[in-house]
Amino acid sequence: MMANHLNYDLLSKLAEHRASALDEARAERHLESCGRCRSELEWLQRIRVGPRQDPELGSSGPSRRDWLLPSSF
Ligand SMILES: [Zn+2]
């Protein structure tokens with residue numbers, strides 16, 4: 001099965017609890033079976049919670065990792 005991974009936009013909405021109920025439900029179903037998106041979401045939630053300590057770190061900070069955006073969009 002070729003499920004599309006959750007895209008960055010949706011993941012960041014989820015991390016900020018701004019996603020619609022429908023999106024959230026759909027995402028949750030995907031996350032249940034996709035460890036990759038789950039860890040991306042956890043990572044996003046982490047950087048959203050703790051970016052206060054040193055804004056300067058942002059410049060060379062956490063590399064964006066290799067987001068696998070669905071290229072078939
Ligand atoms: Zn996924």
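What share of the 73 residues of the chain count as buried? The figure is 10%, where a buried residue has 20 or more other C-beta atoms within 10 Å of its own, an exposed one has 12 or fewer, a partly exposed one falls in between, and C-beta atoms are placed from the backbone. This is a predicted model, in which local features need pLDDT of at least 70 and side-chain atom pairs count only at pLDDT 80 or more, while totals for chains, interfaces and linings use all residues. Residues are numbered from 1 along each chain as its sequence is written.

**Helices**
- The chain has 4 helices and 0 strands (DSSP runs, numbered from the N terminus: H or I of at least four residues for helices, E of at least two for strands).
- Helix α2 (residues 21-33) has 13 residues and reaches 19 Å from its first C-alpha to its last, close to the expected 18 Å (1.5 Å times one less than its number of residues).

**The core**
- L6, L10, L11, L14, A19 and C37 form the largest nonpolar core, meaning a set of buried Ala, Val, Leu, Ile, Met, Phe, Trp, Tyr and Cys residues joined through C-beta atoms within 7 Å.
- Helix α1 (residues 8-15) gives the most to this core, with 3 residues.
- Leaving aside neighbours within four places in sequence, L6 is in contact (C-beta atoms, placed from the backbone, within 7 Å) with L11, A27, H30 and C37.

**A look at R36**
- R36 lies in helix α3 (residues 35-49).
- R36 is exposed, because it has 11 other C-beta atoms within 10 Å.
- The C-alpha atoms of R36 and L6 are separated by 9.7 Å, though the two are 30 residues apart along the chain.

Conventions:
Two residues are in contact if their C-beta atoms, placed from the backbone, lie within 7 Å.
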